[in-house]
Amino acid sequence: MSVPKLLYFDIPGKAEAIRLCFTYAGIPFEDYRFKDREEFLAMKTSGKLVFGQVPALEVEDVILTQSTAILRYVAKLKAESALYPADPILAARVDAICDQESDAFMGLRVAKYKGRFGFKFLEDDKFKEQLDDTLANLNSEVIPRHLDALVAALKAGGTDWLAGTKGPSIADFCWAPVLKGIHEGKFTGDAKVLDAFPDLVAFLHKFYTLPAIAEYYKDTPETIDFSAKGRA
Ligand SMILES: N[C@@H](CCC(=O)N[C@@H](CS)C(=O)NCC(=O)O)C(=O)O
């Protein structure tokens, strides 16, 4: 039996949570990264990707898509962990926090898709203006509002983990790479947004110092210093 093959671009993007989840769960997988966009497009036009998107996970002769569905699949391979709890209420809390991550970035993803993937209904100047507006709104309103809610969920859960599970769940894997990206100013260009959320900075520190996760990044230039200094 071959190991599951994760297909994505050579960037963290939507695949990093899955890579980290496999790693944390100690499940071997192949981390396949497309050599270029043409290779991805060839796969897309082959019709193998149900929604024409990646990440995708090849498990024997089946191809799974949608990152959160893939995360749940990986978690269920490690049923004894808190990754996806058996308790239906706790599982729904985990799902809600994953969905909240999608909601937080909906505006940005739509704005970028319009420019990059052919849904470009606007002239270049108008498109840039709209993207700038989206980014400004994201920094000043959207992200802080979602992060406030995330802190409230973290506190209400009463554990170190976002959905109140006893160990890290897929909700933590959904959010950690994104919060790390916010800390680095990757999505919005405003690297200071996270400074107002010390509980989330502490969460990031907790997540990225999990032994398996720290080990995963030990040979890469990734920083797991979440102080303002670590951002520089
Ligand atoms: N909801 C999907 C979104 C996947 C997605 O947007 N994938 C992008 C890359 S991050 C993609 O495949 N874009 C190429 C395209 O649509 O042609 C998920 O979470 O997996």
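Reader: How is the model to be read, and what values does it use?

Author: This is a predicted model, in which local features need pLDDT of at least 70 and side-chain atom pairs count only at pLDDT 80 or more, while totals for chains, interfaces and linings use all residues. Residues are numbered from 1 along each chain as its sequence is written, and side-chain values use heavy atoms, with hydrogens and water left out.

Reader: How many residues surround the ligand, and which are the closest?

Author: A residue is near a molecule if one of its heavy atoms lies within 4 Å of it. Here 12 residues surround the ligand, the closest being Y8, K44, V54, Q66 and S67.

Reader: Which atom of the ligand is 2.7 Å from the side chain of Q66?

Author: A nitrogen atom of the ligand lies 2.7 Å from an N or O atom in that side chain of Q66.

Reader: How many salt bridges are found in the whole structure?

Author: Side chains of opposite charge can pair when their charged atoms come close. A salt bridge is a side-chain nitrogen of Lys or Arg within 4 Å of a carboxyl oxygen of Asp or Glu, and the search finds 13 of them. In one of these, R33 pairs with D10, with the closest N and O atoms 2.9 Å apart.

Reader: Is D10 buried or exposed?

Author: Buried means under 20% relative accessible area, exposed over 50%, and partly exposed in between (1.4 Å probe, protein chains only). D10 is exposed at 55%, whereas R33 is partly exposed at 27%.

Key. Polar contact = N/O pair within 3.5 Å; in protein donor to acceptor, adjacent residues only side chain to side chain.
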